[in-house]
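Terms are given their cut-offs where they come up.

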Amino acid sequence: MIFVHHPNYIKTILSSTEPKDDLAYRFIQPWIGDGLLVSSGQKWFNHRRLLTPGFHYNILKPYVKLMTDSCKLMLDKWEAYSQTNEFFEVSSPVSLMSLDVIMKCAFSNSNNCQNEGGTNTYIKAVYELSDLINMRIRVFLYHIDFIFHLSPHGFRFRRACREAHRYTMIRKRKEALKEEAELEKIQAKRNLDFLDILLCARDENQKALSDEAIRAEVETFMFEGHDTTASGISYLFYSLASHPQHQKICREEILQVLGDRETLDW
């Protein structure tokens, strides 16, 4: 296994149009389906075009306050814990914070996951799925589907998949949108989210995404929207802690931009 960390090499890999690696994506597909992360070719292009409106800055503007609220909740917990003068691991609370953000911003769902922590069934399913996929990549025999499926780990994987799929809120939102099929009408009443964009997306033939395609994109964004973000933020904290001189520069710049405010005005 090769780990690439230099920006120049990563840029070359990420900008490549070569086919995606089938190994890891094949293992993750039963969970997140054939969404943007896994799909390729014309299907990827069509879905990406349909989802583009979800990243317009007018859609993203209201998310700033939601993100700030989630971050503040995490930092308040850290402030209280810092009084104990004990060490603690940051990646788990960062993961809960990023999941809180993606649930609020992409699906308008306030699930209180930062307070529930390990008791939330969806969070437990996501963590278990991530661990099992990583383990399957490392254990060569588990690359063979029937061996993995017959193993105790394969049973746990299928059980966690069912739990994660049960958490999606597509059917309930679809019923709520029956009377308002146009995004403009919805936006007049409340902020749009990613699920609204998915359910109202139409191609040039006015064909909507299938329920299966919508579920795949929902699962993909639930996973990618918090897991990779949490990993990046955790590594950022590590890098800043390892280089105090750069931490000082970043802090000064943030204070210069924000001043006495707690969030950005966009």
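Arg202 sits in the loop between α13 (194–200) and α14; helices here are DSSP runs (H or I, at least four residues) and strands are E runs of at least two, numbered from the N terminus. The model is predicted, so local features need pLDDT of at least 70 and side-chain atom pairs count only at pLDDT 80 or more, while totals for chains, interfaces and linings use all residues. Residues are numbered from 1 along each chain as its sequence is written, and side-chain values use heavy atoms, with hydrogens and water left out.

With a relative accessible area of 35%, Arg202 is partly exposed (buried is under 20%, exposed over 50%, partly exposed in between, with a 1.4 Å probe and protein chains only). Not counting residues up to four places away in sequence, Arg202 touches Leu50, Lys207 and Ala208, where contact means heavy atoms within 4.5 Å. Leu50 is 152 residues from Arg202 along the chain, and the C-alpha atoms of the two are separated by 6.9 Å.

Pro62 belongs to the loop between α4 (57–60) and α5. Its relative accessible area of 25% makes Pro62 partly exposed. Pro62 and Asn120 are 58 residues apart in sequence, and their C-alpha atoms are 26 Å apart in space.

Asn85 is found in the loop between α5 and α6 and is exposed, at 73% relative accessibility. Most residues other than glycine have a negative phi. For Asn85, phi is near 60 degrees, a positive value in a residue other than glycine.

Asp100 is part of helix α6 and counts as buried at 3% relative accessibility. Leaving aside neighbours within four places in sequence, Asp100 is in contact with Ser70, Asn111, Cys113 and Gln114.

Arg136 lies in helix α8 (residues 121–138). A relative accessible area of 4% puts Arg136 in the buried class. Apart from neighbours within four places in sequence, the contacts of Arg136 are Arg26, Phe27, Tyr142, His143, Ile144, Asp145 and Phe148.

## Aromatic pairs

Rings of Phe, Tyr and Trp (its six-membered ring) pair if their centres lie within 6.5 Å; planes under 30 degrees apart count as stacked, over 60 as edge-to-face and the rest as tilted. By this rule there are seven aromatic pairs. One of them is edge-to-face and joins Trp78 to Phe88, at 5.7 Å centre to centre with 65 degrees between the planes. Trp78 lies in helix α5 (residues 63–82) and Phe88 in the loop between α5 and α6 (91–107), so this pair ties together parts that are ten residues apart in sequence. Trp78 is buried at 18% relative accessible area, whereas Phe88 is partly exposed at 32%.

Phe148 and Phe157 also form an edge-to-face pair, 5.8 Å centre to centre and with 70 degrees between the planes. Both Phe148 and Phe157 are buried. One aromatic cluster is made up of Trp78, Tyr81, Phe88 and Phe237.

## Helix packing against α14

Two packed helices are described by the angle between their axes and the distance between the axes. Axes are lines fitted to C-alpha atoms, for helices over the stretch in contact, and angles run from 0 to 180 degrees between N-to-C directions. Helix α6 packs on helix α14 (residues 211–242) at about 140 degrees, with the axes 8 Å apart. α6 is therefore oblique to α14 (under 35 degrees is roughly parallel, over 145 roughly antiparallel, 65 to 115 roughly perpendicular and the rest oblique). The contact includes Val94, Met97 and Ile102 of α6 and Phe221, Met222 and Phe237 of α14. Its residues divide into twelve nonpolar, seven polar and no charged; Ala, Val, Leu, Ile, Met, Phe, Trp, Tyr, Cys and Pro count as nonpolar, Asp, Glu, Lys and Arg as charged, and the others, Gly among them, as polar.

Helix α2 (residues 22–32) packs on α14 at an angle of about 115 degrees, with the axes 9 Å apart. That makes α2 roughly perpendicular to α14. Ile28, Trp31 and Ile32 in α2 meet Arg215, Ala216, Glu219, Thr220 and Phe223 in α14. By class, this contact of α2 with α14 has five nonpolar, one polar and two charged residues.
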